[in-house]
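Subject: Handover of a structure for your study

Dear colleague,

Please find below the structure that I am handing over to you, together with its sequence. My notes on what was found in it follow directly after.

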Amino acid sequence: MELMGGEVMEKLEDMSSVYDFDPITGNIPATKVEITVSCRNLLDKDTFSKSDPLCVLYTQGVETKQWREFGRTEVIDNTLNPDFVRKYILDYFFEEKQNLRFDLYDVDSKSPDLSKHDFLGQMVCTLGEIVGSPASRLEKPLGGIPGKKCGTIILTAEELSNCRDSATMQFCANKLDKKDFFGKSDPFMVFYRSNEDGTFTICHKTEVVKNTLNPVWQSFTIPVRALCNGDYDRTIKVEVYDWDRDGSHDFIGDFTTSYRELARGQSQFNVYEVINTKKKMKKKKYVNSGTVTLLSFSVESEFTFLDYIKGGTQINFTVAIDFTASNGNPSQSTSLHYMNPYQLNAYAMALKAVGEIIQDYDSDKMFPALGFGAKLPPDGRVSHEFPLNGNMENPYCNGIEGILEAYHQSLKTVQLYGPTNFAPVVNHVARYAAAVQDGSQYFVLLIITDGVISDMAQTKEAIVNGAKLPMSIIIVGVGQAEFDAMVELDGDDIRISSRGKLAERDIVQFVPFRDYMDRTGNHVLSMARLAKDVLAEIPDQFISYMKTRGIKPNPAPPPYTPPGHTHHHTQI
């Protein structure tokens, strides 16, 4: 009996809860983008020679909107057309508006204090604007010195390459310790990448193989960034557990490796002893708690969202606004459509937050804007897809401001009515998406609504059909209604289906606006959070469409190097 007591004690000591880990959000480190800076025709501030330029990059905090210095290039002596060698490496997030400011100085001394040098001009843009430009190359005039032409700045963005590899590997184990009184162990493994500060972050969990001490796990694929953040020599820690129904999984042992070791593939180097340190300290004759063997390893380069954007894929943004009577009379301050002269209403706020980010990926900045659920002049017919600008032939508005303007105008001319039908606007965008399935365009529909949907069956059908097309749908719910139907459409927990057909991918993201209203009234921050949450899934939805269709990104046009101004060609 004593023996069993010891085992029970050991079981208690080894209990280690491996929390439910979501492999999708496993906090993969951000995509890194390298920015190269060149300038042409800078101002000449030096009397006897040309300027000695330096570029300083500032980034902006989301909360404070304060500019913080991010880094400086080297100084290049005696040129007005510098091509800086030192590059900036930034974390890129599609779902955030990342404001950047580039300041140029003519350096006159060794002082690090910028006020001691001559200011040559500045340019402000977003990181999305740079990557969303043709071939991810943005050229803009420098400004900031009244009455002077300050020349131009040219920025190119390049995604750092270790971000894009995915590794596929398979493991088996032999002679693992038996942890269950009845039957053998039910082993599974948990992988962790090490962080700069020596802590570990979970990045993969295998399935459980029941009742065996010699499991063969299924092969799995993981982004290399998730496994080692692109650092091939960084420690990867692997823990082996015996699964227990009550969640008190028993620790069998662990081992460490690195990406570089795993990349050698199946070999004597990739057989690992699983060691249980506590057991080793207690038992003199302890050898190990089993071995784990790498059976296969391969790596392939995945195309990333930025590969497609750089290759010229455009994101088309369409907005659809709910004009049903449940929003309340627009002339009353309780209405969700009330036009407060001092503050945007919820519809306008949500539209602006999402639109300002997506517009960086649409070269012509012309956006179709639709309304649904209103009676239209002159005859009062009800429409579920009418252009906000009143022009059936051309529903396009110029920029986000153009949409807001058309929205305000239409509130004055149409009568709010009902019911709340989504299918017509979903099918409207689907018709456009169906016409370009070659990967050159992707469509994002933003529906802003106060609520309870009347045509659920038709909308589900429209979404299941839309899932085959290059499109995604964002729904923002405003007001205080119950949004249960929207959560169902979102399909995060249960994939949406219609007439027994499952949607082939999840294309809907829903958020309730009220969850983002900041008690303190700081709308800037709350709208940035809203945009982040609704847009975060789009790159993955976009990639899943391209991948299932076997569409590869166009090669980016060759990098354009602007001519230095050495040859003066006379214009004839």
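**A residue in strand E7**

Glu139 is part of strand E7, which covers residues 137-141. Please keep in mind throughout that the model is predicted. The relative accessible area of Glu139 is 40%, so this residue is classed as partly exposed. Its side chain and that of Arg137 are joined by a polar contact of 2.9 Å. When residues up to four places away in sequence are not counted, Glu139 touches Thr152, Ile153 and Ile154. A further relation along the chain concerns Ser38: Glu139 and Ser38 are 101 residues apart in sequence, while their C-alpha atoms are 9.3 Å apart in space.

**A residue in strand E10**

Arg193 belongs to strand E10, residues 187-194. Is Arg193 buried or exposed? Its relative accessibility is 6%, and Arg193 therefore counts as buried, the limit being under 20%. The side chain of Arg193 reaches the backbone oxygen of Ala226 at a distance of 3.0 Å.

**Helix H7 and its two partners**

Two packed helices are described by the angle between their axes and the distance between the axes. Both values are given here for two pairs that involve helix H7.

The crossing in which H7 passes H12 is right-handed. Which residues of H7 and H12 meet? On the side of H7 they are Met349, Ala350, Ala353, Val354, Ile357 and Ile358, and on the side of H12 they are His523, Met527, Leu530, Ala531, Val534 and Leu535. Sorted by class, the contact of H7 with H12 holds eleven nonpolar residues, one polar residue and no charged residues.

The second pair is H7 with helix H8 (residues 399-413), where the packing angle is about 160° and the axes are 10 Å apart. Because an angle over 145 degrees counts as roughly antiparallel, H7 is roughly antiparallel to H8. The crossing of H7 and H8 is right-handed. In this contact, Tyr347, Ala348, Leu351, Lys352, Gly355 and Glu356 of H7 meet Ile400, Glu401, Ile403, Leu404 and Tyr407 of H8. The contact of H7 with H8 divides by class into seven nonpolar, one polar and three charged residues.

**Backbone features in loops**

- The bond from Pro377 to Pro378 is cis, with omega near -5°. Pro378 sits in the loop between strand E19 (374-376) and strand E20 (381-383).
- The bond from Gly418 to Pro419 is cis, with omega near -10°. Pro419 sits in the loop between strand E23 (415-416) and helix H9 (423-435).

Positive phi values also occur in residues other than glycine. What is the phi of Asn211? For Asn211, phi is near 50°. Asn211 lies in the loop between strand E11 (200-205) and strand E12 (220-223), and its relative accessibility of 46% makes it partly exposed.

Arg499, likewise a residue other than glycine, has a positive phi near 50°. Its place is in the loop between strand E26 (497-498) and strand E27 (501-502). With a relative accessible area of 73%, Arg499 is exposed.

**A residue after helix H13**

Where does Asn554 lie? Asn554 is in the segment that follows helix H13 (538-548). Its relative accessible area is 51%; the limit for exposed is over 50%, and Asn554 is therefore exposed. Leaving aside neighbours within four places in sequence, the contacts of Asn554 are Asp307 and Gly311. Asn554 can also be set against Asp165: the two residues are 389 residues apart along the chain, and their C-alpha atoms are separated by 19 Å.

Yours sincerely,

A colleague

Notes. Residues numbered from 1 in each chain as written. Predicted model: local features only at pLDDT ≥ 70, side-chain atom pairs only at ≥ 80, totals over all residues. Heavy atoms only, no water. Left-handed = near helix turned anticlockwise from the far one by under 90°. Helix = DSSP H or I, 4+ residues; strand = E, 2+ residues; numbered from the N terminus. Contact = heavy atoms within 4.5 Å. Nonpolar A, V, L, I, M, F, W, Y, C, P; charged D, E, K, R; others polar. Buried < 20%, exposed > 50% of the residue type's maximum accessible area, 1.4 Å probe, protein only. Polar contact = N/O pair within 3.5 Å; in protein donor to acceptor, adjacent residues only side chain to side chain. Axes fitted to C-alpha atoms, helices over the stretch in contact; angles between N-to-C directions. Parallel < 35°, antiparallel > 145°, perpendicular 65-115°, else oblique.
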